[in-house]
Number of protein chains: 2
Amino acid sequence: MIETRIKSAIRDVPDFPLKGVLFKDLTPVLKDTKLCQEITEEFAKRLRGTGLDAIAGIESRGFLFGLMLAARLGLPFLLIRKKGKLPYKPITINYQLEYGSSQLEMQGGDVHPGWKVLIHDDVLATGGTASAAAKLVLSQEGQIAGFLFLMELKFLTGREKIQELSQNIISLASY
Amino acid sequence: MIETRIKSAIRDVPDFPLKGVLFKDLTPVLKDTKLCQEITEEFAKRLRGTGLDAIAGIESRGFLFGLMLAARLGLPFLLIRKKGKLPYKPITINYQLEYGSSQLEMQGGDVHPGWKVLIHDDVLATGGTASAAAKLVLSQEGQIAGFLFLMELKFLTGREKIQELSQNIISLASY
C-alpha cells in the first residue's frame, strides 16, 4: 500500500525547525525512484474522472511532483511562487502565518477564465499556504478542482480550512 | 530542433529583476506538456553514456525537470536548498554573489563517497550557484559527472567558471 511505503521512507527529524517539533522529512522519498513513479501513478489514479485543465504547484517542494504529474496527465503546469520571483504581470496575495504574514504570486494570464485547476504541494499543514494559492486561482476566474498532497498533518486541521474551497482533498499519507 | 522550440516558448520580460535587464522567462515552457516531455527525452539522450549515480537539483527551479529526469533515468534525486530548509545534518557552503553572498545546503549522507553526481538547474548564468552546488557534492567525496541546464546565458560566462569542476556542461538553449 502506498501510504505504508511513503511512511517507511519518511525520516523523523527531532527539533526542526523549532525545539520540540518532530519534522517529517520527505527527502528520502526522492531518493527512491520506484516509489516516486508509484506516487505519480497513484496521484494519476486518484485524479481519474476529475476534469482538470491545469496543475498549479506551490514553491518549492510542490514543483517536484507537480511537473512530473502534469507531464503524466498532459496538462499545463503553473507556478505559485514567493513574492518577487515571477517576472510577468505578477498577481499577489497576502496571507497570515502563525507568526506574521507572507505573500504568494502567480503570473497574470496563467489561469484562463473557467479553468479547473488542481492545487499541489508536498504537505498539508495548517492549510494557510494552500488556501492562499487557491485564492490566487479564483482571483483569475479559475475554479478549484481540488487539492493534492503527498502528506497531511491532520492534527494541524488544514483540511477544515481548505474544504470550503474544494471538497476534493487528496493526501497519500496522514499523521 | 529542441533549441528552436524552447526559444519560441521563452517570453522576454523587460526590466526584470532590475531596470535594463531583459529577463528570459521559462514559465511558458512548463505550460507546453509536449515540450516538457521532449526536453526530458533530450536531457536523457544527451546524458547517454555518462555514468551517473544521482541527480542533484538546485532550489527551486532545478526541482522542476530534476525529479522528472531522475525518475526517467531511474536515479536518486538529491535536493540542494537555500540555508535553513533541510532538516537532516545540513552541510553548508557560502558563496559570493555579484552583490553580497549566499548559502546553499545539502543533507549529510545524501552523496555516497565516489558517487558520480549530475548538477541540474534551469539556467546557467554567472555559474556561482552551480559551482557552489558542485562543491557541496565534492565535500561529501562525490564526483561531478556534469552540469545540465535548460538555458545558458553565454554573455555571463558561467561556463568558464564551472568547467574546472567538470568539462561535461550541457545546455539546450543558449543566448
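A:C36 is buried in this predicted model, with a relative accessible area of 1%. Buried denotes under 20% relative accessible area, exposed over 50%, and partly exposed the range in between (1.4 Å probe, protein chains only). B:C36 is likewise buried, at 1%. The model is predicted, with local features requiring pLDDT of at least 70 and side-chain atom pairs pLDDT 80 or more, while totals for chains, interfaces and linings use all residues. Side-chain values rest on heavy atoms, without hydrogens and water; residues are numbered from 1 along each chain as its sequence is written, and chains are lettered from A in the order in which they are written.

Over all chains, the structure contains 0 disulfides (pairs of cysteine sulfur atoms within 2.5 Å). A:C36 takes part in none; its nearest cysteine sulfur belongs to B:C36, 18 Å away. B:C36 is in no disulfide either, its nearest cysteine sulfur being that of A:C36 at 18 Å.

A:C36 is also among the residues touched by A:F65 (contact: heavy atoms within 4.5 Å). Beyond four places in sequence, A:F65 touches A:V29, A:L30, A:C36, A:I39, A:T40, A:F43, A:H120, A:L150 and B:L67. The largest nonpolar core holds 74 residues. Such a core is a set of buried Ala, Val, Leu, Ile, Met, Phe, Trp, Tyr and Cys residues joined through side-chain atoms within 4.5 Å. A:I6, A:I39, A:F65, B:I6, B:I39 and B:F65 touch the most other members.

The same surface serves both: 100% of the contact residues of chain B recur in chain A.
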